[in-house]
Amino acid sequence: MARTFTTLLFVACMLASSALAQTEIVYWTHEDVNRTELETRLIAEFELDNPGITVRRVTHPSANLAQLLLTAFAAGRGPDVFNDTIANQYPYIVNERVAPVDPAAVGAASLDEVYARYLDGTLDPVTFGGNLYGLPLEVTNWVIFINKNVFEDVGLDAEVDYPKTWEEMMEISEQLVIRDGEILQRRGFDFRYPWYLEWLVPMVEQLGGELVSADGEAIVNDEAWLRVLSYMREWGPHGRNLGSPTYRNARALFNFDNNDIAMTHTGQYQIARIQADNPEFYDSGQLLIVPFPRWEDAVNDQGAAYYGHYFMVNAQSNAETQRAAWQLIGYFAEHAEEYFATSALVQPTHELLASPAYRDHPFSEVFAADMATARSVYYGDNSPRIQQLLKDAVEAVMLQNREPADVLPTLREGVSRALRGDF
Amino acid sequence: MTRRRLKLNTSVQGRQAIWGWVFVIPALAFFSLFAFYPIGNAVYMGFHRKSVLSLRPPQFVGLQNYLDLFNSPAFWNAWKATTIFTLGTFIPLVVFSLLLAVLIVSRKRFQRFFQVTLYSPAVVPGVVAALVWMLMLDPRGLANQWVNFVLGTPGIDHRWLASASMVRLSTMVVYFWGYLGFFTIIYIAGLGGIPATLKEAARIDGANALQEFRYVTLPLLTPTTLLVSVMSMIFCMRTFSTQYMFTQAGAPTEPINVVTLFIFNTAIRDHQLGMASAMSILLLLVMFFFATLQFLASRRAAG
């Protein structure tokens, strides 16, 4: 009798403990000091509202996140929630590694209602086979950030003399640069080199070229591509020596106002980072933000490509965890205005874009106007490989001084192979 | 009486053998799990097409991955990069570590200090070493400043990370710096094992220092030289972190796209696990071939 009672008690305890068991959500994201502070608070609030759910937020350096995610997913140990750039995330959708959005869990009556919340087109990259696979942490486009101090140092008025065209960008950079022999001590402008899909392809598109045509042809309009590759060659150490991928990332230097870089190109989030890294510079009024340049003879008036980081949910997580994960993402999305206020991250909801907080934010109009002309960044199952092929082509002309005409066929062959899925 | 003693001996040997197995089994299990299983899995995957992210079962393609590799210019470029790096690094490593070891052993004072100083880079993880070197090789870094000071060529950018030949040289220098101390210590251990009486005998016979080194030290160091050359060659063929970090920092990929980096990019960037596995197997076979060749050559030399 006593033994039976003990057994029953044990079973009851087991059942009770499993009923009280927590659903743990593991969330991987890239490092961002401003956002960490906000999300730590939001997660604490979310856990308070949902006593059965705990969230473990893990940050990784943005340069390593893609690899860590891939290896974790390959081993079947991916996090429940993650974000990355869409170019890296799209293969997860195609390979069915992420779960579709649960409208009810994100607080919507239907999928249509979810779409209706966001600016048209911003959910296109995460729509596949009639399903929606992500909600944006941010959607951004890059424009030119200028340190007016450096312009003043050479007698230029940044407000008037800022580069409107790529041709002017080269000439103004030449005026701003300081060299010790061949070594650049101060650069006028320099590109964000590994991210060629985001800025190099739009430069080609401005001239009427394309990376991939609508019918799947790779590298359309040789003239446009050769022009851009020639420009990059001219920019590099074998040309006018204005910059190079081997110098320290211009964006990383820009915030500190150390007289080593005058201009960089980056997204709206950079404003919050400058504010955090160097409040004196931010408050000095010496920061100017202007549109992404166009070619003098551009046939398309087009800004840098816009791209998104999307929250996604691991399809291998159990149903309960998936639902909890979408609840968390829905909670994050409810606070779009706070994301913008603290980190200048734009979750492109109609509500945020119409808010005074967005409209009154410094330089929002520059980003918004350029975004209106921009195309989405290229995304596909093969986008990381295409990014590398573009890198190889630019390095070949800039660093190895190869003729653009010799490099272009290799690029075309590589992209064609990548599109076909061949080795 | 004799039979009983024999039985007892057999029993003791048997028990020792059992305990021997008990001690060896964990190591065998470890190797099976972390070395043999991945190798077996790579052999299997090398005959299949499989995306890293796909949950679908691998698709059998026979030798197609290998045929695609042999037809790929990028694959041959990777072997070219690996060969240049290996020859440019492992030969200087063997030669200079031997010379340094002899030099240190010949010193009467500060032997420990030299050993510790030389060995210290070996304890720095490859990624950290590459990061430190990247700072130095930056156009505005110490490498340009120092070389320009020594050569009296102010303002010259030696393009350590930019030009094809210089970026190759830079990876070799980083690796050489990292492993020189490690192999020197191995040679010092080898030199310590040479009986002093043989050297004394050579000197009594009238050998000078060079002759003593050539006819006594060097032949007796053959096993150590073999170990150092095999290890350094295999290490060089497996080089990865320096090339990876340099390409991440903007260095051109093609000149330093060694086989391991190519494997990594094929798997992680291009998601082609089958192809990457096929390449790993080829790398393993090549390393095995050269290691065997070195063993045979040294056996013949010793014979």
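Let me start with strand S13 of chain A, residues 287-290, in this predicted model. Both faces of the strand are covered. On one side A:Leu287 and A:Ile289 are buried, and on the other A:Leu288 and A:Val290 are buried as well. In a regular strand, side chains alternate between the two faces of the sheet.

The pairing partner to mention here is strand S7 of chain A, residues 143-147, which runs antiparallel to S13(A) and is joined to it by four bridges. Within this pair, A:Leu287 of S13(A) has A:Asn147 opposite.

I turn now to an open sheet in chain A. Five strands make up this sheet, in the order S2-S1-S3-S14-S6, and their pairing is mixed. At the edges are strand S2 (53-60) and strand S6 (135-140), each of which pairs on one side only. Inside the sheet, strand S1 (residues 23-30) and strand S3 (residues 81-82) run parallel and are connected by two bridges. A:Phe82 in S3(A) is the residue opposite A:Trp28. Helix H4 of chain A, residues 86-94, lies across S3 and strand S14 (307-313), at about 35° to S14(A).

Finally, chain B. Which residues form a nonpolar patch on the surface? They are B:Phe30, B:Phe31, B:Leu33, B:Phe34, B:Phe36, B:Ile39, B:Val43 and B:Leu284, and together they have about 790 Å² of accessible area. Helix H1 of chain B (residues 2-45) supplies the largest share, seven residues. One residue in that helix is B:Leu33. Is B:Leu33 buried or exposed? B:Leu33 counts as exposed because its relative accessibility is 52%, and the cut-off for exposed is over 50%.

Note on methods: Residues numbered from 1 in each chain as written. Chains lettered and ligands numbered in written order. Predicted model: local features only at pLDDT ≥ 70, side-chain atom pairs only at ≥ 80, totals over all residues. Heavy atoms only, no water. Patch = residues over 30% accessible without salt bridge, like charges linked within 9 Å, V, L, I, M, F, W, Y side chains within 5 Å. Areas by Shrake-Rupley, 256 points an atom, 1.4 Å probe, with all protein chains shown as cover. Salt bridge = Lys/Arg side-chain N within 4 Å of Asp/Glu carboxyl O. Buried < 20%, exposed > 50% of the residue type's maximum accessible area, 1.4 Å probe, protein only. Pairing = 2+ DSSP bridges. Contact = heavy atoms within 4.5 Å. Axes fitted to C-alpha atoms, helices over the stretch in contact; angles between N-to-C directions.
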